Amino acid sequence: MAEAGSFADKVKQQADIVRVIGEYVPLKKAGQNFRGLCPFHAEKTPSFNVHPTKQIYHCFGCGQGGDVFKFVMEMEKCAFPEAIRIVAEKCGIAVPRQKERSPEERKENQQRSVFVEMHREAQTFFVKQIEGTLEGKAARAYLGDRGLDMDAIARFGIGYAPSGGDALLRHLKAKYNEKLLVESGLVSRDQNGGRLFDRFRRRITFPISNESGKIVAFGARALGDDMPKYLNSPETPIYSKSNVLYHMDRAKEALRRQDFAILVEGYMDAIAVARAGISNVVASCGTSLAEPQIKLLGRFTRRVVVNYDPDTAGQTATERSLSLLLEHDFEVRVLALPPVGDKKADPDQFIRERGKDEYLKLLKEAPPYVDYLIARARQMDLTTGEGKLRAVNFLLPYVQRIPNRILRSEWATRIAQQLRVDEPVLRAALSKAANERRSEVKTQPELVGRAAKPVERRLIRMLAEAEGFRQELAKHLQNAHLYHGLETEKIFAALVIASLSGQPVQATEVGALLEERDRRLLFEILFEEANEPTWEEAMSCIEALQHRQAERELADVQRSIEANPAAPELRGLLEKKQELMRRLAAAR
Ligand SMILES: [Zn+2]
């Protein structure tokens, strides 16, 4: 992808892949490579490898692999040009002005920055409203009742969208055309007449920033009884609900430092917790957590305390989020807050009523998810066999998602004790569940595992890195058609062409010419521990291939003879057979 001489190529030459990937994944030196836990699949033992000199990464578990740009594209969910920019910035390489980008990219980038600019202007507008208008005063009073003073309002950029219906529209109209206004999500178009109006009206606004702190959307709470109570920005070119966690931009440092996150449901909860001095809090801003949000969080920590609302929706959301977090190998605890008086309390209410010290204390004591789930199961009617079965069935899906066998076994004992069910019966059910999990894994994208023969693997490796004799070796292989018909034929073909050119072989460039499964196999081979290649070894590998080629031909000839013993060309076939057998015998 990085064309020679291009800016991308320059960045790639200068970028240290170990350092860039190391910012996302803790890496340890292992032999000539670096190794860590794969960010693309859940695992306990590291199978994710980074090669410092070939500048590639490869996961032996899930088969993901590529160069530094591919990695950043996967992690940041961004396009190639954006990945170049990110890598360049991380490595302190000056990014050229936009004129070097393609017209489409430039247009897209410009459009994105226009949307970001519109959100910035809307933010200023909303803040002015809450600070200086009569309506804004009512909003401040409402927030004051919920314990948010002017300091807090300023700190979290809380604003107000007035009731008029077109105040923001009038403010933005002079600068932006209708199409952009509607696409930004700040303005809506009425269904029949096509008239434009503000999306947020008579609502308190909460700016939602992306990870780097740019406002990309708003969440808005109705001031009166308007429905819905909470209204968010729609999906736009700069905002996707499932990619953003509220407060992430401010939580990053604390997440790294404390190495755990508190996950809450809404912005009011996140604000309340952050104001209590606990900065490592993020909100999913929707009832349940989405996979990209988990990946985003996983870049900072793998330990989470889930503190969702205690209502039924919150409980369901907790349980759904738990499943996902477990699948991604997070260490999860659950904080279920006790009622305040006779009211079930969300984090915001709880901290207001009982204070932050009480909250901190409960946070420290938050039990592992196992205990939370067992406690939930015990609330079911356990006096009948049917009731117990329901309780066990409630727990089974979670057990299924635990990647670790020992942990699963510990669960069995605890569930059996706590629910008073027969342990062997329970274990049978659990192992059945575990098997079902395995059958799920099978349906995942094809895993690596095509066993190319050692000789082929060795030759591929030599073609990739034996600078001294690669070209010579490629000629041998090509002239004798030695790799035709092998399962690795396409890999050989690509490497032979690259080697004959006399230029150094770039793993990612060869990989880019191959189908995904061949690309995986190539990377797998490149990461194997291996000795320095020698010409003698190359020759003995070539002989082995010649031998196999002769065997294959012999089998073909034999089949032809048997298929039609009366054919006129029988004589020729028999001679060929003799000659092949002589060759094979001589080689022995
Ligand atoms: Zn992986």
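Tutor: Two groups are in contact when their heavy atoms lie within 4.5 Å. Under that rule, the buried residues of H21 pack against H20, helix H22 (489–500) and H25. The model is a predicted one.

Student: Which residues of H21 are the buried ones?

Tutor: They are Arg 470, Leu 473, Ala 474 and Leu 477. Each of them falls under the cut-off of 20% relative accessible area.

Student: How do you know that the buried residues of H21 line one face of the helix?

Tutor: Viewed down the axis of H21, the buried residues fall within an arc of 100°, and therefore they line one face.

Student: What makes the pair of Phe 469 and Trp 535 edge-to-face?

Tutor: The plane angle decides it. Planes over 60 degrees apart count as edge-to-face, provided that the ring centres lie within 6.5 Å. For Phe 469 and Trp 535 the centres are 5.3 Å apart and the planes are at 70°, so both conditions hold and the pair is edge-to-face.

Student: Why is this pair said to tie together separate parts of the sequence?

Tutor: Phe 469 lies in the loop between helix H20 (454–465) and helix H21 (470–479), whereas Trp 535 belongs to helix H25 (residues 535–563); the parts are therefore 66 residues apart in sequence.

Student: Is Phe 469 buried or exposed, and what is Trp 535 called?

Tutor: Phe 469 has 13% relative accessibility and counts as buried, since the limit is under 20%. Trp 535, at 28%, counts as partly exposed, since that class runs from there up to the exposed class, over 50%.

Student: How many aromatic pairs does the whole structure hold?

Tutor: The search finds 19 aromatic pairs. One of them is formed by Phe 40 and Phe 71, with 5.8 Å centre to centre and 70° between the planes, which makes it edge-to-face. Phe 40 sits in the loop between strand E2 (33–36) and strand E3 (48–51), and Phe 71 in helix H3 (residues 68–76), 31 residues apart. Both Phe 40 and Phe 71 are buried.

Student: Which residues do ring pairs link into a cluster?

Tutor: The cluster consists of Tyr 24, Phe 40, Phe 48, Tyr 57 and Phe 71.

Student: What makes the charged end of Arg 519 count as sitting over the ring of Phe 523?

Tutor: The charged end of Arg 519 is 4.7 Å from the centre of the Phe 523 ring, and the distance rule asks for CZ of Arg within 6 Å. The rule also requires a position within 35 degrees of the ring normal.

Student: Why is E10 called largely enclosed?

Tutor: Eight of the eight residues of E10 are buried, so the rest of the structure largely encloses this strand.

Student: How do you know that E9 and E10 pair?

Tutor: Pairing needs at least two bridges. E9 and E10 have seven bridges and run antiparallel, so they pair. Ile 204, for instance, has Arg 221 of E10 as its bridge partner. The two strands form a hairpin with five residues between them, and Gly 213 in the turn has a positive phi of about 90°. E10 is also joined to E11 in the antiparallel sense, by three bridges, and the partner of Ala 220 in E11 is Leu 231.

Student: What joins Met 227 and Pro 228?

Tutor: A cis peptide bond, with omega about -10°. Pro 228 lies in the loop between strand E10 (215–222) and strand E11 (230–232).

Student: What is the phi of His 247, and is this residue buried or exposed?

Tutor: The phi of His 247 is positive, about 80°, in a residue that is not a glycine. His 247 occupies the loop between E11 and helix H10 (248–258). Its relative accessible area is 5%, so His 247 is buried.

Student: How many disulfides are there?

Tutor: The count is zero. For Cys 78, the nearest cysteine sulfur is that of Cys 91, 14 Å away; a disulfide needs the sulfur atoms within 2.5 Å. Cys 78 is buried at 17% relative accessibility.

Notes: Residues numbered from 1 in each chain as written. Predicted model: local features only at pLDDT ≥ 70, side-chain atom pairs only at ≥ 80, totals over all residues. Heavy atoms only, no water. Helix = DSSP H or I, 4+ residues; strand = E, 2+ residues; numbered from the N terminus. Buried < 20%, exposed > 50% of the residue type's maximum accessible area, 1.4 Å probe, protein only. Phe/Tyr/Trp six-rings, centres within 6.5 Å; stacked < 30°, edge-to-face > 60°. Arc of directions from axis to C-beta.
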